[in-house]
Structure formats: C-alpha cells, structure tokens
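Morning, everyone. I'll walk you through one protein chain today. Please have a look at the model first.

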Amino acid sequence: MPFKRKALAKEPAPKKVLKEEPKKDLDEEGEGKSGKTFELLRGFRDILPEDQGRWNLVRDTIRSIAESYSFDRIDLPILERSDLFQRTIGKGTDIVEKEMYVFTDPSNRSVALRPEATASAARAYISHGMIERPQPVKMWYLGPMFRHDRPQAGRYRQFYQAGFESFGVAEPIVDAQLIVIGHQIFKSLGLDVKVEINSIGTSECRAAYLTELVAYFRQHRNKLSEDDKRRLQKNPLRMLDSKEEVTRELLQSAPQILDWLDETSKEHFMKVLEFLEEVEVSYQLNPYLVRGLDYYSHTVFEFTLQEDVGDLSQSALGGGGRYDGLVEILGGRPTPACGFALGIERIVRALEAKGVNPPERPPALVFFAQLGDAARRVGLKLFEEFRQAGVSVAEAFGKNALKGQLEAANRMGVRLTLILGQKEVLDGTIIIRDMESGAQEIVDVKKVVGLVKKKLLHEEGVALQSQTPVVEA
Ligand code: AMP
C-alpha cells in the first residue's frame, strides 16, 4: 500500500522501539505463512510471464512433432483413484511408498494426485474401448504431475510432463519410433541428448535374473547401506540404479540382465537397436538402466543431456519404455504398449542455461493513445477491429495525458501510435504518428485499420504476417 508508506515517511523518526518479528506459522517442513503473505509450498513454483517464452517454445515443439507423427492429444484428470497407481507403478517403488499425494475425498474414497500419466492413459484406453479402434492407438498429453519427493535442482513436487503412449502393437519398430520422436523433440529445441537404452525382458526372464542378482548381493550384504539392504529385499531390480558408491562398484561384477534375456526378448531388443542405427540415432547401452516403475518390460530408455549445463548434468530429461502388461493389470485385454515422458521443467532449464529466451508473445507494433471518455469508447471498438485484422495494439489506460502515453509507447518500441482526442471523435478522424520520424497524419477513422496494416506490411512485412492467424468476421 504505497499511500501508507508515504504517510509514514512524513512522521518524525520514531524512538528506537524493538519490534518483535512476526511469528511464522511454520509447518514441519519450515514453510510459513508470515504476516499476511502466503509463501509457496516447498517444491511448487509459479511459471512467470517472463518464463513463458521458453515454455511456449517447448510446448509448441512437442505439439507440432506429436501431430507430425499422427499422435492424438488426450487430457487426463489430475485426480484418480489411488489404487490405479498403487497397482500399476508397484508397491516397492519410491513413488508408491513415499511420494504420492494420497488423501480421502469427501465421498470417502482414497484418491491421489497423479504421480505420472501412463497408468491414466491405460485406464482411458480401457474405459473408452479403444481396443476396438485401429491399432496402434497413439496419444500424447502434457500436464502437471505430483510427487512428494525431496525438492532439489530440477526436482519439484509439482512438475510438468509431456508423454507419448502407443497402445496395441508389439513390434519393435514402435519402440524405435518413440525413441526417434523423443530425440527429434530435443533436436528441434537445439539440445544435444544421449539416448541410453537397455532391455529388462519379460517378467519371466526378469524373475530368473533377479534370483541370481539377489544371491550375488547377499554375499556382499554387510557392505551395503541400509537403503540398499531395503531395496535388495523389496525391489532388487532397483539395485541397478543405486547411487551408493559401494553398490556401484559391486555392480561391475554383478550378473547383467542382458545375459538373462530369452530369445524373443533378445530378438526384440536387437531389432530396436537396428532400427535406431538405420535412422542414425546414436544410443548407448546401459545395462544398469531399469527405470523406477514395475510395469516396464523389454525396452527401457532415457534421454540425458550431452552438454554440461551445471545443475542439470547427469539428470534425465525424459524416459520411457515398453509396458506390455499394464493394460491387463488394469483389467483390460492383453495389449502391448510403449511410451515415454519428458520433464518440461528440466528441458526449459536446459534452454535457459543455453541462453535461449524467446519472447512470450510477439511485441505490439501499434499503440493506442486516447484523450477522454468519448475516445475510449471509440477505442474499444477499434481494438476489436485491429484484433480481427491480426494487428496487436498496446495501450496505457492508466494514463490520461498524451505525454505519458507517448512515453509508454516509446518504451514499448511500437512503430505507430494512434492518437484519438475529442476533436478527432467529433470529426470521425484519428491521428497516425510514426514513432521513428515523429510525422503525424490525420486519417478517416473508418479507414485506419486498413491504412495501419498497409504501413506495417510495408515496413514490417514478415513480423505482421507471422502473427496469429485470425478468423475474419
Ligand atoms: P519418470 O516418470 O520418473 O520416468 O520421469 C520422466 C521425466 O520427468 C524425468 O526424466 C524428468 O525429466 C521428469 N521428472 C521426473 N520427476 C521429476 C520431478 N520431481 N521434478 C521435475 N521433473 C521430474
């Protein structure tokens, strides 16, 4: 409240009175509601207007690539029954064990904020009888996910993912094409990513492998951290992506899953790799890549930045794999499927680190300056006419004097300013001022849209043409 501050400034300096700091109403994570202002929850963030240019670039690129590969958009609910995720992602996983936002809704049902959207896409595939449609059913989505993980660089509790899911076809070309699509998205954004790839086979060959892996780590149990001991017991496959130094060393002599793949799994994997070679997408075999979720089978992959961008090096920008059993787990008919998800915050962060900063929207080329209420009334109609003509117009409705309005127009860097005073309203005219030369001309208000468009096309050709297409009234 600026007027209050002003009043205070006039008062004589008060004698030193020690004021108590307003007590913060802290929760167990140290988040507070201090005085009258609310702070963000930890791990949550605002995506501000100044960041939207990069977000738009990422969203638009994903959308255009999805469309060029004939993927259809699907929007899935943020809230689902909690057992949808518990049953599919798996009991021993970090997501289900400690990261889900689960609560009881007013109808006494256990619901969860979605931690990912593949399970929801599979649910939608079943709920809408998509198995009857021509296969594969290819869908993409973009929206927020929620995981109550420990926040750190590139890890939030609400984060956005764009996902691509292909249902109904078991052929390895589907896996390869999805990897190519992910790779294309990064390439179009100017990001150099590495594709890491592995196969975790079918649940049968994985079971045999896991018996062997558990036996191996049991021999070294006393060297393992408490966390890894727990992993070994609950979800031994996760030993492969343990971050513990000791475990990573032990892994070098541990049995490798690729040696345990059955013939069909091996053949599937080889074909995926051959397809990638065919389209010259380079990949790196990573025998320790398993991905966190239970529903994966056969191919698993991740996209990691090649370039060093500080806090993001090492972290995956996206990942996915085949999940042939998922639809069946949810009560549908057996349906092979494959997909991947990209982390938008991390991609945006990588672009920021590279100095990519596109404008959030094309800047306005015209400014409307008004003097008086009659001019404002005419102005409102003019704005609509300009919008229909595809010309964006800026204003400073908070200012009344012409001087202030022209200063605002200058700051915005517009090419032309339209000036409408009482006299012009009575005459049915309007002034067009060229901001560079300062030249002004009085024109018929009915012709102003056409004239402005002509001037801009003459001077700014490309900029104007690239504005959002407009439906003519
Ligand atoms: P996931 O579903 O865990 O395989 O995640 C796919 C991608 O989403 C990851 O590669 C990250 O880029 C992104 N991601 C996952 N968790 C988070 C998070 N907590 N905060 C930000 N991005 C995330």
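This is a predicted model: local features need pLDDT of at least 70, side-chain atom pairs count only at pLDDT 80 or more; totals for chains, interfaces and linings use all residues.

The protein chain has 473 residues, and 46% of them count as buried. Its secondary structure comes to 16 helices and 18 strands. Now take contacts between residues at least 6 apart in sequence. Of those, 69% join residues at least 24 apart.

First pair: H2 and H12. H2 covers residues 52-68, and H12 covers residues 344-353. Their axes are 10 Å apart, and the packing angle is about 120 degrees. Angles of 65 to 115 degrees would count as roughly perpendicular. The crossing of H2 past H12 is right-handed.

Which residues of H2 and H12 make the contact? From H2 we have Arg 54, Trp 55, Leu 57, Val 58 and Ile 62. From H12 we have Ile 344, Glu 345, Ile 347, Val 348, Leu 351 and Glu 352. Sort them by class and you get 8 nonpolar, no polar and 3 charged.

Look at the spacing of those numbers. An α-helix has 3.6 residues a turn, so residues three or four places apart point the same way.

Stay with H12 a moment. Its buried residues are Ile 344, Glu 345, Ile 347, Val 348, Ala 350 and Leu 351. After H12 comes Gly 355, with a positive phi near 80 degrees.

H3 is residues 82-89 and H5 is residues 118-127. Here the axes come within 9 Å and cross at roughly 105 degrees. H3 is therefore roughly perpendicular to H5. Leu 84, Phe 85 and Thr 88 of H3 meet Ala 119, Ser 120 and Arg 123 of H5. That contact has 3 nonpolar, 2 polar and 1 charged residues.

Is H5 mostly covered or mostly open? Mostly covered: 7 of its 10 residues are buried. Among them are Thr 118, Ala 121 and Tyr 125. What do the buried residues of H5 pack against? The list is strand E4, H3, strand E7, strand E8 and helix H11.

Now the backbone. Just after H5, Gly 129 takes a positive phi of about 55 degrees. Further along, in the loop between H5 and E7, sits Pro 136. The peptide bond from Gln 135 to Pro 136 is cis, with omega near 0 degrees. Why point these out? Most residues other than glycine have a negative phi, and most peptide bonds are trans.

Two more residues go on that list. Ser 70 is not a glycine, yet its phi is positive, about 60 degrees. Ser 70 lies in the loop between H2 and strand E3. Its relative accessible area is 48%, so Ser 70 is partly exposed.

The other is His 298, in strand E11. Its phi is also positive, near 55 degrees. His 298 has 9% relative accessibility, so it counts as buried.

Ser 199 is in strand E9. At 1% relative accessibility, Ser 199 is buried. The side chain of Ser 199 reaches the backbone nitrogen of Gly 201 at 3.2 Å. Beyond its neighbours within four places in sequence, Ser 199 contacts several residues, including Ile 257, Phe 269 and His 298.

That's my tour. Questions, please.

Terms used:
Residues are numbered from 1 along each chain as its sequence is written. Side-chain values use heavy atoms; hydrogens and water are left out. Axes are lines fitted to C-alpha atoms, for helices over the stretch in contact, and angles run from 0 to 180 degrees between N-to-C directions. Helices (H or I, at least four residues) and strands (E, at least two) are DSSP runs, numbered from the N terminus. A crossing is left-handed if the near helix is turned anticlockwise from the far one by less than a right angle, and right-handed if clockwise. Contact means heavy atoms within 4.5 Å. Ala, Val, Leu, Ile, Met, Phe, Trp, Tyr, Cys and Pro count as nonpolar, Asp, Glu, Lys and Arg as charged, and the others, Gly among them, as polar. Buried means under 20% relative accessible area, exposed over 50%, partly exposed in between (1.4 Å probe, protein chains only). A polar contact is a pair of N or O atoms within 3.5 Å; within protein, one must be able to donate a hydrogen and the other to accept it, and residues adjacent in sequence count only if both atoms are side-chain atoms. Angles under 35 degrees count as roughly parallel, over 145 as roughly antiparallel, 65 to 115 as roughly perpendicular and the rest as oblique.
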